[in-house]
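Have the viewer ready and follow along.

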Amino acid sequence: MNRHWLKVIIGAFFEIIWVSGLKNADSIWMWLITLAAICISFYMMIDASRYLPVGTVYAVFVGLGTAGTVIAEILFFDEPLKIEKIALILLLLIGVIGLKIVTDEDTSKKEAN
């Protein structure tokens, strides 16, 4: 995994934080953390998309963020655990991983510029 894909994963992690914050923030500090997570998340995705295929970056970013948000809601906010949710998250992750696998990436030319 190169450093640009690592930025996408870090961006997706911060996406989980800000999406959960939009629903659950109830103080000025929680809103500030949510805003900071939005900035970090989008900065990481935008910076990674300068070197990687933008469509794949966006799909991976949103897929990981969505799956992570559903899991965070189940683990931290008492959202009911349903087998259908787990099955659909697995299907989403299979699609994201498959998209990543079939995408050609040639970052060496772009980084040289």
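This is a predicted model: local features need pLDDT of at least 70, side-chain atom pairs count only at pLDDT 80 or more; totals for chains, interfaces and linings use all residues.

## Helices α1 and α2

The axes of α1 and α2 come within 7 Å and cross at roughly 155 degrees. Since an angle over 145 degrees counts as roughly antiparallel, α1 and α2 are therefore roughly antiparallel to each other. Their crossing is left-handed.

Which residues bring these two helices together? On the α1 side they are His4, Lys7, Val8, Ile10, Gly11, Phe14, Glu15, Ile17, Trp18, Gly21 and Leu22, and they meet Trp31, Ile33, Thr34, Ala37, Ile38, Ile40, Ser41, Phe42, Met44, Asp47 and Ala48 of α2. Sorted by class, this contact of α1 with α2 holds 14 nonpolar, five polar and three charged residues.

Asp47 belongs to helix α2, which covers residues 28–49. Is Asp47 buried or exposed? Its relative accessible area is 9%, and the cut-off for buried is under 20%, so Asp47 counts as buried. The side chain of Asp47 has a partner in Lys7: a polar contact of 2.4 Å joins the two side chains.

## Helices α1 and α3

Helix α1 has another neighbour to show you. The axes of α1 (residues 3–24) and α3 (residues 54–76) come within 8 Å and cross at roughly 45 degrees. That angle makes α1 oblique to α3. The crossing of this pair is right-handed, whereas the crossing of α1 and α2 is left-handed.

From α1, the contact draws on Trp5, Val8, Ile9, Gly11, Ala12, Glu15, Ile16, Val19, Ser20, Lys23 and Asn24; from α3, it draws on Thr56, Val57, Val60, Phe61, Val62, Leu64, Gly65, Gly68, Thr69, Ala72 and Glu73. The residues of this contact divide into 12 nonpolar, seven polar and three charged.

## Phe61 and its surroundings

Phe61 sits in helix α3 and is one of the residues in the contact with α1. What does its accessibility say? At 2% relative accessibility, Phe61 counts as buried. Leaving aside residues up to four places away in sequence, Phe61 touches Val8, Gly11, Ala12, Glu15, Ser41 and Met45.

Phe61 and Trp5 are 56 residues apart in sequence, and their C-alpha atoms are 9.7 Å apart in space.

Asp78 is exposed, with a relative accessible area of 72%. Its backbone is worth a look too: phi of Asp78 is near 55 degrees, a positive value in a residue other than glycine. For context, most residues other than glycine have a negative phi.

Ile9, in helix α1, is partly exposed, with a relative accessible area of 36%. How far apart are Ile9 and Asp78 in sequence and in space? They are 69 residues apart in sequence and 25 Å apart in space, C-alpha to C-alpha.

## The whole chain

Stepping back, the protein has five helices and zero strands, and its elements run α-α-α-α-α from the N terminus on. The C-alpha trace spans about 45 × 35 × 20 Å along its principal axes.

Buried residues make up 33% of the 113 residues. Of the contacts between residues at least 6 apart in sequence, 72% join residues at least 24 apart.

How values were computed
Residues are numbered from 1 along each chain as its sequence is written. Side-chain values use heavy atoms; hydrogens and water are left out. Axes are lines fitted to C-alpha atoms, for helices over the stretch in contact, and angles run from 0 to 180 degrees between N-to-C directions. Helices (H or I, at least four residues) and strands (E, at least two) are DSSP runs, numbered from the N terminus. Angles under 35 degrees count as roughly parallel, over 145 as roughly antiparallel, 65 to 115 as roughly perpendicular and the rest as oblique. A crossing is left-handed if the near helix is turned anticlockwise from the far one by less than a right angle, and right-handed if clockwise. Contact means heavy atoms within 4.5 Å. Ala, Val, Leu, Ile, Met, Phe, Trp, Tyr, Cys and Pro count as nonpolar, Asp, Glu, Lys and Arg as charged, and the others, Gly among them, as polar. Buried means under 20% relative accessible area, exposed over 50%, partly exposed in between (1.4 Å probe, protein chains only). A polar contact is a pair of N or O atoms within 3.5 Å; within protein, one must be able to donate a hydrogen and the other to accept it, and residues adjacent in sequence count only if both atoms are side-chain atoms.
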